[in-house]
Amino acid sequence: MFNLSANRFIATAPVSRRHFILGASAAGASLVIGYSVSAEAAAPAGGEPNPFAGYVRIDPDNKVTIYSSQMDMGQGIYQGIATLAQEELDADWSKIQVTGASGDPALYGNLAMGGKFQLTGGSSGTPSSWRRYRVAGATAKAMLIAAAARKWSVSPDDVAGANGVLTAKSGQKATYGEMAALAAREPVPAQVALKGPNDWKYIGSETLPRLDTPEKTTGRQMFTFDVKLPGMLTAAMIHPPLFGATLKSFDASKAKAMKGVADVVATPRGVAVLANGVWEAAQARDAVSVEWDESGAEKRGTSEIFAAYRTMADKGGDVVAAERGDAAGALGKAAKVIEARYEFPYLAHAALEPLNAVAWMNPDGVLEVWGGHQMPDLYQAVAAKIAGLPLDKVKLHVMKTGGGFGRRACPDADIIVEAVSAAKAIGWKAPVKVQWLREDDMRGGRYRPAYVHKIAAGLDADGKLIALRDTIVGQSIMKGTPFEPMMVKNGVDPTSVEGMASQPYSIPNFKVDLTTTAVGVPVLWWRSVGSTHNAFVLETIVDELAHAAGKDPVAFRLEMLADQPRHVGVLKLAAEKAGWDKPPTAGRFRGVALAESFGTYVAQIVEISLDKSGAPKVERAVCTVDCGVPINPDIIRAQMEGAIGFGLGAIMKSRITLDHGKVVQGNYDGYEVLQLNEMPKVEVYIVKSDVDPKGVGEPGVPPIGPALANAYFQATGKRLRVLPFDQSQT
């Protein structure tokens, strides 16, 4: 129904009655507004009363609840969605709350991904919500005004609403809550007017308070870890030691004799030890003797995997992901050719809150599941299948989470499988919380794939880039998932090549090919996905080419971006703010990189120094971002700052390695991330724009690594191509 590319500044938005679900609440005194994705939308799963029956609910006490189709894992999407609805509704901001919604893809399907399923990821929350939550707010306000006008016998044109209060020119007043029940009986307006940019009060505001600040600063914010139900048991999992191993048998006699232990059961993903609390469960699992069938398991170490990848890269890719001109022929005629090989490790998501979920079959026969559900439709279906229930008998509670970075959007719903299976195995006699420990999370087997790139690029006699060929070798994230049929085309998983196949530079002869490997290590999207390695390769090789051509790295890039105004915009702004036209202070060295990912454009320039050992220390990072209309500037800045810290940790320190198939790292002592005292000074500048907004959760990550690498080259003359940049390489 929505054309995301359409001009958003249309004065009115057509409203089809069948696209709305609205009405009084069970108490008969609330207004609920929902906007259906599909013209053929069915009734909400589970029927009414259903708290997730819409987008905006106004209660008699003037409380406004926004039902978010997107999960909040720290990226601030609850604030963003509330801002969009509030812009048109103009309620009392202090009375607004946001909660996660699920259970009906017709209502909550992700519009940026086709609208057929609900998903939080790919920085798609903002573009998916941009229009429909504004329309919902505008519709609710129009119906409130109509109800007030009818009650006061005045023209709707003589009624205004602001800060949660309706006021008539004749002097009558009422809060939104007081008018909600009457408003629910009003007909849905055929059209609602959306504000233009000049009238926005909340979109773009620098002073709008964060809704979640009180809960987070006082510790009242509830996460899945905090869910406590009467009689609830906590399960610690015993997973196979090797990826691909399966359970043969186990002896739990010693564990069951331990204090606080309720049961030990098999699940499709290992053994669950159920006890009265986390500590008892974790202690008891060490007393369980398990025998595994490792005949089909992955037993290679990462050194063997990389050796195989290098051989594959030397042979060239199996399939072509992008091609124009004649890259091989042009490289043969180039005045200067640079060849290089890059290696990227497996990376863990390493969120602060390890995976967890709670499953409870309530007395009404409804299976309730609490968790950080990035893909609630899929999780609901998985839970229903395990329990043998229809979908409308499975109710999901979408919780805020302590980080995700992609880990909670798992196509096989691993944590849901464990929680529901464990609860079923004990006959649903108690609620079950599966709580992974840090080591479970680190070794739980969902990683950013390891990659090897072999690249060659050529300059002509004038120092112009005339040819580039990149061979990418690594695992597919999509293969074997429900997304494979719609996403993998001609053998190319787009997540393997994004950021390289779609690179923006005008290179006349260009080819990207791909070899998708078969390795038993489970992989998953990781913050900014394929651009984490592709942008690094592209932006460091371009920097190397600029040096070889004797050209300034910024000027060299601009020469090849004539048709990319948004790339040019962020790059020029970054250069201006960083003072690129002047040399850095003594002992400082600069590097630049830019990348577009998920429709958002980011340029970053870093300044580094070298410590006594020669290792780089990032002193300053200048970041410019063009994400279209900036809805919440403070959140944009926070996301860029967080992405820079996240990216620097991965580039400088993080890696998952395997020894004979077993993950070596188990906690933050082995899997290092950036420390607080290593965080550089970050400056974020947001490009003014009237283009439809895109997301900012992921795009801040890709440029920081190559910017650092390019600065390191300026400092030392060394090109670092094997990540992370640890002491052994510098």
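In which helix is the place of Val135? Val135 is placed in helix α4. The present report concerns a predicted model, in which local features need pLDDT of at least 70 and side-chain atom pairs count only at pLDDT 80 or more, whereas totals for chains, interfaces and linings use all residues. Residues are numbered from 1 along each chain as its sequence is written, and side-chain values use heavy atoms, with hydrogens and water left out. Helices (H or I, at least four residues) and strands (E, at least two) are DSSP runs, numbered from the N terminus.

Val135 and Val192 are 57 residues apart along the chain, and their C-alpha atoms are separated by 7.2 Å.

Two packed helices are described by the angle between their axes and the distance between the axes. The axes of α4 (residues 132-152) and α5 (residues 176-183) come within 8 Å and cross at roughly 85°. Such axes are lines fitted to C-alpha atoms, for helices over the stretch in contact, and angles run from 0 to 180 degrees between N-to-C directions. The two helices, α4 and α5, are therefore roughly perpendicular to each other; angles of 65 to 115 degrees count as roughly perpendicular, under 35 as roughly parallel, over 145 as roughly antiparallel and the rest as oblique.

On the α4 side, Lys141, Met143, Leu144, Ala147, Ala148, Lys151 and Trp152 meet Tyr176, Met179, Ala180, Leu182 and Ala183 of α5. The residues of this contact of α4 with α5 comprise ten nonpolar, no polar and two charged. In this division Ala, Val, Leu, Ile, Met, Phe, Trp, Tyr, Cys and Pro count as nonpolar, Asp, Glu, Lys and Arg as charged, and the others, Gly among them, as polar.

**Nonpolar cores**

A nonpolar core is a set of buried Ala, Val, Leu, Ile, Met, Phe, Trp, Tyr and Cys residues joined through side-chain atoms within 4.5 Å. The largest such core has 74 residues, and those with the most contacts inside it are Leu468 and Ile541. Apart from it lies another core, of 72 residues, among them Ala348, Val420, Tyr447 and Trp526. Leu468 touches residues including Ala327, Ile455, Met500, Phe510, Leu538 and Ile541, not counting residues up to four places away in sequence; contact means heavy atoms within 4.5 Å.

Beyond four places away in sequence, Glu298 touches Leu242, Phe243, Val519, Gly520, Val521 and Gly661.

Ser421 belongs to helix α12 (residues 414-425) and counts as buried at 8% relative accessibility. Not counting residues up to four places away in sequence, Ser421 touches Thr267, Pro268, Ile386 and Ile416.

**Loops and backbone geometry**

The loop between β17 (336-344) and β18 (356-361) holds Leu352, which counts as exposed at 66% relative accessibility. Leu352 touches Gly402, Arg438 and Tyr668, not counting residues up to four places away in sequence. Ala350 is also placed in the loop between β17 and β18. Although not a glycine, Ala350 has a positive phi of about 50°, and at 18% relative accessibility this residue counts as buried.

Asn490, in the loop between α14 (484-487) and α15 (494-497), likewise has a positive phi, near 50°, in a residue other than glycine. Asn490 is exposed, with a relative accessible area of 73%.

The peptide bond from Leu723 to Pro724 is cis, with omega near 0°. Pro724 is found in the segment after α20 (704-716).

Note on methods. Buried means under 20% relative accessible area, exposed over 50%, partly exposed in between (1.4 Å probe, protein chains only).
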